[in-house]
Every structure is written in structure tokens, then in C-alpha cells.
Amino acid sequence: MNADGSSGKQGRLDAFRSFGRFERLGHLSRDSRDTLFLLATIAAVVLPHSGHLPAWAAAITALILAWRGLLAWRGAALPGRWVLVAVLLLSAGLTWLTHRTLLGREAGITMLVMLMALKTLELRARRDAFVVFFLGFFLVLTQFFYSQTMLTAAWMILSVWALLSALVLAQMPVGTPSLRLAAAQAARSTLLGLPVMIFLFVLFPRIGPLWGIPADSVGRTGLSNQLDFGAMSEIANDDSVAMRLRFAGPPPPPSARYFRGPVLGQFDGRSWRQTTMAWPGQTDALRVSGTALDYELTLEPLRSSVVPLLEMSGEPAGSERPLEDLTLKRAPELQWLAPRPITERLRLNAQVYPHFSHGPLQASLALQNYSDLPPGFNPRTLQWAAQLRREARFARLDEAALAPALAAAVLQHIASADFIYTLAPGRYGEVTPHLIDEFWFDRRLGFCEHFSAAFVVVMRAMGVPARIVTGFQGMDAQPQDGFWIVRNSNAHAWAEYWAPGQGWVRADPTAAVAPERIQIGLALRPPPGVFAGAFQGALGQISPQLWLSLRRGWEVLENRWQQGVLNYSRQSQFDLLKSAGFAAPDWTLLGQVSAGLIALATLLGTVWSHWRARPHDEWRRQSGRILRELRRWGLDEAGLHQGPRRWAELLSQRHGAAADQAARMLLALEAARYGRRAEGRQADGRQAEGRRPAKLADKMAKAWARRRWLRDFRAAGRMLRGKIR
């Protein structure tokens, strides 16, 4: 309390409101204030979509919201319907020109944003505001089509909270309720619904998505069925997580950490693609030996239907049955394929064998797919390969030893010549169409894709079948939270050549020129730009490991979010039931458990409602006990509408001096109940905090109960009855 009777809290609030723009907001009407709050909430909901919306849609939305905010600030009239119709037609036309449709996900979200923005220009009634609220809720949901990270979830929770607060404000038509009061009510409602949300998340049956996410909008790994010079280096610029692995034992050695992706065997002089011609016996036979190592893999969304597992991984768990509505199958070239591009995180279990071989042991027609070269391309490389093949050291070798010897000679040439491994070799093919010639003889600057492509062309020119394999190689040096991290910067391309009696043999030309890339899995990083370099240099003087530690810590949190929330599947539900003691959980059991919990929740809700219907004020409970005691003394006229003083008067009138002790106790109770009520009032007579007297009364009633006042009062009643008799 201040000297003048005003509360210090109120004084601080007045000082806060007089600071900055809060002083200007004080003169606004309630409608203007609520509208500005709603517009700010809509801006927060639309902001995450700004990177996916067409530029014109984001610009028009920003202009409409700013215009509506200016109208609310000035208290001006809303525009007419013809303005809205004109903007709507313009938006629909631009949406059609951009997406060539008004349906579908991208066009639908664009139109949804535009409609919600336009709806703010006709907020003339509460029902108009309700339309905006629920459009906002739906728009929040659509953001998860693009991102499901923990940051996205946190931002969406805040957006939902703001929308609920605006909805609560709209449900308070009388007075000028504060934003803080509405936000608190929205938070309470959310907390009350939290158990239902958890129940639905844990036990509601997991079904497939209502519609799939197009492959052109998910994933950034860039693995595809085509390889062009320069494509892999673009992938390596992305340092985000591609997959996480957890091994049942020690991980494979660095030289064995190859994750097999698309296999490319068709070359047209510029691009490498998967072979399309099928020959009899083309499927590669697989031969494994040694003790298998179990591992778990969590794969981020890809633009490819190829699932890059470790070489050589056995059949993943669930590949013979739907695994999150996907069935994985092994392709003839030993890569694992899904029936559609991966559009969600995929977790599976597999085994990797330490020793394996694959491919035909004898020559077959299927090898012709990996022996052809396009005519008229790379004449200098073909000539160089022919000269190497004619050297005397290869003349005396038998057929089984020839291919390995030729491969070793090519790798030795790469290691001894002045080739340079770099992520930024520049663009090939601008001067000459002979890309391999330009790399092999002129510039000799390249990334893994350049070395593997040149190696395959040279081997084919010498009559040895060869092909390119793309995927990932290497992992982070240390695990994070028990998981080994494979990043998009670990994207890699290597080669395989065929040798009689051995099948396909891996050859990685990158290891010849940059052994650290393969031996320790060190992904090459592009040099930072001027600004980034200066920024990192300044931070490096403070702590060289600062950003690395922050990134790893955040990735640990993201991994736990993904493993615990995003990867919670139908199998996780069955595992939960199994851990609860159910031997063979299935859909029927899941439904029975859900029905039982729903019945239990209904029963608890009924009990809660019944309990809430009863009086819970401590004073009323005490008064009821006192009245029951008084009626035993013959005071049937006493009632709850009376106070302790009136009860004392009735006692004195009925029983005279014999009831003095009980009457004094009632008067003391009167003083305890009402004697401090003035503390809850300000000097001007207004009640400062309406709930303070009730709280003091409850406290006092509990105090009397702890002092066993009612027991003493009953003892006084027994004495009174004794005197009467």
C-alpha cells in the first residue's frame, strides 16, 4: 500500500502503461484494440508460410494487414464489397497463373492465406471474427506440411495460444477485458485439454496421411536417378542432418561406412542415369559372411525413392510388410527401393555384414549395360585408356587378375598426377562438350562425382564393365546422444567395376586423391563467404567451439523430438501396450484400451462435475456444521442467511445466561470472519482486489478449524443442554 491508499501494483501498472506505445494504445476503443491484436496474431500465423508463398501473395497479404491495421488505429470505415471482390479476383487469377490450378496443396494454401487476409477487411460482426479464427487454426496445421521441427512446433503452439486468446476476447462482449485475462483463460483451457491431447496422441490409431507431400517440396539431400557434373557439390553445401544411426555394438570402420543409393550405369556424354534395359540374369547375386551387426536408422525425408542403407545391409525390418505404408524391396543393383519418394521420416532396423560380394561371377549379357560409351565423346580419354591397356605389364595377366590390375593403375595415376580434390571446381562443358577430357587432361579439379565418372569411362574404354554408385560416405566423428550423424555434406559418389570370379568390386577414386575424405569420413566444406568468414573469425576469438557445441546441442534436442514424437508410430503404440503387460497387442486390444480409458475419463468427469456442484467455500461448510449444532439446541429459526452475531442473539433470547459461553464464541467467530474486511478496500471505498476478503475468510475459517473451535463449541452446547435439563 502507498500512503494514499493505492496499491503499489496498480502504480507500477500505470507506469508501465504510460511507457512508449502503451500510452497511445490506452485511448483506443475495445474493437480497435482487439482488431489490432487479431491482426498481429494473423501475421504470426502467416509468417512461417512466407518462404513458401509466391512473392505476390506475401506482398498483398502484408499490404492488406497493414491497411486493416491503419483503419483500426484511426477508427475509419471498412472498404466496400467491390474492393474485396476486385482483390479476390486478382488473387485467384494470380494463383491460377502461378500454380495452373486453384486446387491442390500449394494453390490451396495460397488461396487460404489470401481469403483470411481479405476476411479481416469485413470484420463487422462476431461471426466474421470466428471465420478468421478457424481459418487461422487450419492455416497453423498446414505449416506442418513444410516443417515438423521443434522450432516449428513451438511457434505453432504460440500461434494457437494467440488465436485462442483472441477467441476468448470475442466471447467477452461486455466491458473491456484485458489481454492478459484472455491469455490466461486461453492457457487454462489449453491445460484442461492437455490430457485429452496426450491420450489421443498416445492411443489414437495411426493411419496414413490424408494426402501425400509432393517430392519436390521435401528433403534437401538431392539424391536422384541422374548425376550431372556439379550436382553432388551442391548437395555437399548442405550441412543439415540426412540420417541418424544407432548400432548394437561398435560401428563399422570408417572405410566401410558407405550408404548405397542410386546406381547409375547409362552415360550420354553429359549425364549419368539408371539403366533402363533389362537383361536375363541382371539381378546381382549377394554373398555375405561374418557376424551381422544390428543397427537402427532414422532417415530424413528424401527426394528419392531409394533408401540409402549401409553396404551390405540385409533385409530391413518391415520390408516384407507395410512399414508406415511403405514396402521396401531390393533392386537388381542391390539398392533398397520404396514404391514412392520418401515424404516423411522413416525409422527401420537392419543388419550390416562385415564381408560381402555381389554380382555375377561369369560374364553375362547383363554386363553390357555397364560397358557402353556414347560415340563421339571424350576422344583423348579413350585414346589414353587404349594406350594403358596395351602396356606389356597387362599382357601376361589372366582374365581374373586383369580388371583389378587395370583399376589399380588408374587409381595410381589419379594419386600421382596433379589432380586436386575441391568442392568448387567451376563449371565444366562451357568450352568443349568433352567433359571427361576437360577434367582428365586440362583442369584436373573436381569433386567425387568427377573422379568416379572419369574412372568409370576409363575402365569401360579398356573393356571392363563399370558403373557409378551414389549415396553417402562417412559420419560425424563422435555420436550425439547415442546416435551417429550422417549429414548431407557426406553425400558421395564412387565406382564399381566387374571382375571375373569376384563380381562387382568397389573402387573409390576419391580415396586416391583425398584419403582423409574416406579414411575418417571427413566431408569437404566450401570456403565461407566474406561476411560469414569475418563473423566466424570474430566468434572464433571468443570460443572456437561455440557454434559447434550449440549446433550439436540443438541436434540432440531435435533428435529426441524426432525419436519420441515424430517417430511415434502404430508399432510404438503396440510396444507401449506390451510394456503395460499385454502379451499380444493388436488393433482390437488398442480399441478396447481406448474405450476403457474413455469410460474412465467420463466417470472422472462426472465425479468432478458432481463435486464442483457442491459448495466448497470453507466458511459455508463451517456454517453448516454450526447450524446443525444450533438446531440440536432448539434454534430451528437459525439459517444460513444470518450471521454468527444473529445466532448469538437467538441463543441469548432462547436460553439466557446459560448460553453466554456459546454466544461469546459466536461473537468471536463474527470478529474473525468480518473484522478484517477493511484490509481489502482502498481509501476511496472501492474494493482493490475482490477475492482478498474471501481468501482471508477461508484462512480464518481453516484456522478456527485447526484450533478445534467446533469441538469446543459442541462442548459448550453439551454444557448448555445440561443446564437446561
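In the predicted model, arginine 444 lies over the face of phenylalanine 419, at 5.0 Å from the ring centre. Arginine 444 is placed in the loop between helix 13 (435-443) and strand 15 (445-446). The backbone of arginine 444 has a positive phi of about 60 degrees, although this residue is not a glycine. With a relative accessibility of 18%, arginine 444 counts as buried, because the limit for a buried residue is under 20%.

In one of them, the ring centres of tyrosine 421 and phenylalanine 451 are 6.4 Å apart and the planes stand at 45 degrees, so the pair is classed as tilted. This pair links distant parts of the chain, since tyrosine 421 is in strand 14 (residues 420-421) and phenylalanine 451 is in helix 14 (residues 448-461), 30 residues apart. Tyrosine 421 is buried, with a relative accessible area of 12%. Phenylalanine 451 is buried as well, at 0% relative accessibility. Phenylalanine 451 forms an aromatic pair with phenylalanine 439 too, and this one is edge-to-face, with 5.1 Å from centre to centre and 90 degrees between the planes. The two partners, phenylalanine 439 in helix 13 and phenylalanine 451 in helix 14, are 12 residues apart, and their pair again links distant parts of the chain. Both phenylalanine 439 and phenylalanine 451 are buried.

The chain as a whole can be described by a few totals. Its secondary structure comes to 25 helices and 19 strands. Of the 725 residues in the protein chain, 42% are buried. Among contacts with a separation of 6 or more, 72% are between residues 24 or more positions apart. The chain exposes about 38000 Å², and carbon and sulfur atoms supply 60% of this area.

Strand pairing was examined next. Strands of a sheet pair through backbone hydrogen bonds, in either the parallel or the antiparallel sense. Methionine 243 stands opposite leucine 299 of strand 7.

Strand 18 (residues 491-499) is mostly covered, and 9 of its 9 residues are buried. In a regular strand the side chains alternate between the two faces of the sheet. Ala491, Ala493, Ala495, Tyr497 and Ala499 point one way from strand 18, while His492, Trp494, Glu496 and Trp498 point the other way, and all are buried. Strand 18 runs antiparallel to strand 16 (residues 466-473), and 7 bridges join the two. Here histidine 492 of strand 18 is the bridge partner of glycine 471. Strand 18 also pairs with strand 19 (residues 503-507), in the antiparallel sense and over 5 bridges. Alanine 495 has alanine 507 in strand 19 as its bridge partner. The hairpin of strand 18 and strand 19 has 3 residues between the strands, and glycine 501 in this hairpin takes a positive phi near 80 degrees.

Further backbone features were found in loops. Leucine 334 has a positive phi of about 75 degrees, although it is not a glycine. This leucine 334 is found in the loop between strand 10 and strand 11 (336-337). Leucine 334 is buried, with a relative accessible area of 3%. A cis peptide bond joins glutamate 311 and methionine 312, with omega at about -10 degrees. Methionine 312 is found in the loop between strand 9 (309-310) and strand 10 (329-330).

Aspartate 660 is found in helix 23 (residues 660-674). At 35% relative accessibility, aspartate 660 counts as partly exposed. Aspartate 660 and alanine 648 are 12 residues apart in sequence, and their C-alpha atoms are 8.6 Å apart in space.

Conventions:
Residues are numbered from 1 along each chain as its sequence is written. This is a predicted model: local features need pLDDT of at least 70, side-chain atom pairs count only at pLDDT 80 or more; totals for chains, interfaces and linings use all residues. Side-chain values use heavy atoms; hydrogens and water are left out. Helices (H or I, at least four residues) and strands (E, at least two) are DSSP runs, numbered from the N terminus. Buried means under 20% relative accessible area, exposed over 50%, partly exposed in between (1.4 Å probe, protein chains only). Contact means heavy atoms within 4.5 Å. Accessible areas come from the Shrake-Rupley method with a 1.4 Å probe; for residues, only the protein chains shown count as cover. Two strands pair if DSSP finds at least two bridges between them. Rings of Phe, Tyr and Trp (its six-membered ring) pair if their centres lie within 6.5 Å; planes under 30 degrees apart count as stacked, over 60 as edge-to-face and the rest as tilted. A charge sits over a ring if NZ of Lys or CZ of Arg is within 6 Å of the ring centre and within 35 degrees of the ring normal.
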